[in-house]
Amino acid sequence: MVVNLASGLSAITSSSNSQTHLVWAENSFLWYAKYDENSETWQEARAISKLENQDISNIQLLYEDNLIQEGNTEAKQPGFVVTWQQGSDNDSDFYYTAGKYDEQGELQWLANPQAITSDQVGDLEPTSIIYQGDVFLVGSKVDFLNQANQAIKEDTDLYFQRFTINDSLFYDGDVTPPLASYSPQLIQQGVITNLIPVNNTPQTVNTLNSNTGQGIGAQSDSSESESEAVVPEYSLRGEED
């Protein structure tokens with residue numbers, strides 16, 4: 001199994017304490033792990049969100065010290081937000097999940113993904129930033145029905161949305177997420193500079209079929225070897241038990 005950081009099916013970021021964090025899509029789940037510099041391994045790999053049986057792409061992971069709003073106050077806690085595109089054609093929409101640290105210092109994630117868009121056109125290629133504690137997401141919209149009609153000249157429009165993540169969205173009960181059956185291992189293939197991938201070509205994965213050879217790192221029908229299929233100068237590789 002290859003986690004390709006340039007695929008659009010995974011994302012990496014660092015928190016303010018220089019801890020490196022990773023998310024990726026596989027087998028109808030969104031997974032999370034953090035990197036331990038002492039052991040040089042990815043640890044605490046677990047599922048953080050259930051994904052529908054649809055195409056997933058353009059995953060992005062962000063961290064901010066002031067992100068999770070505390071009730072109706074202006075105070076905000078440190079936290080993570082993950083955004084992604086889910087679905088295809090006019091059924092494509094944007095979603096997010098978020099994580100915050102509980103009183104014991106454990107990272108807690110939302111029980112269910114939150115829809116950002118829900119309309120009758122395709123929402124494509126989301127890109128997010130955090131500004132003053134709010135999430136700003138820019139994406140494009142296109143009506144694929146009009147695009148298929150040669151009599152209608154359909155254009156692609158850019159839109160942005162702003163939203164706040166409130167701590168009331170987090171569930172206080174006991175939730176035991178599935179654990180990953182492996183821990184990704186960092187494999188160096190040439191010079192690495194601050195873990196920045198060389199190629200950012202977006203791809204999609206169908207979560208319904210990702211466990212049958214069509215998911216992340218699956219072999220294609222071509223004769224390319226697995227090493228040739230890895231686009232960036234490094235990748236994260238994990239082998240299932």
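A nonpolar core here is a set of buried Ala, Val, Leu, Ile, Met, Phe, Trp, Tyr and Cys residues joined through side-chain atoms within 4.5 Å, where buried means under 20% relative accessible area with a 1.4 Å probe, protein chains only. This is a predicted model, so to speak: local features need pLDDT of at least 70, side-chain atom pairs count only at pLDDT 80 or more, and totals for chains, interfaces and linings use all residues. Residues are numbered from 1 along each chain as its sequence is written, and side-chain values use heavy atoms, with hydrogens and water left out.

Let's start inside. The largest nonpolar core has 17 residues, and the ones touching the most other members are Val 23, Leu 30, Ile 59, Val 82, Trp 84 and Trp 109. Strand 6 gives the largest share, four residues.

Now zoom in on Val 23. Leaving aside residues up to four places away in sequence, Val 23 touches Ser 10, Ala 11, Trp 31, Tyr 32, Ile 48, Ile 59, Leu 61 and Val 82, with contact meaning heavy atoms within 4.5 Å. There is also a second, separate core of 15 residues, including Ile 68, Ile 116, Phe 163 and Phe 170.

Strand 11 and strand 12 (residues 134-142) share eight bridges, and Leu 124 sits opposite Ser 140 in strand 12.

Key: Pairing = 2+ DSSP bridges. Helix = DSSP H or I, 4+ residues; strand = E, 2+ residues; numbered from the N terminus. Buried < 20%, exposed > 50% of the residue type's maximum accessible area, 1.4 Å probe, protein only.
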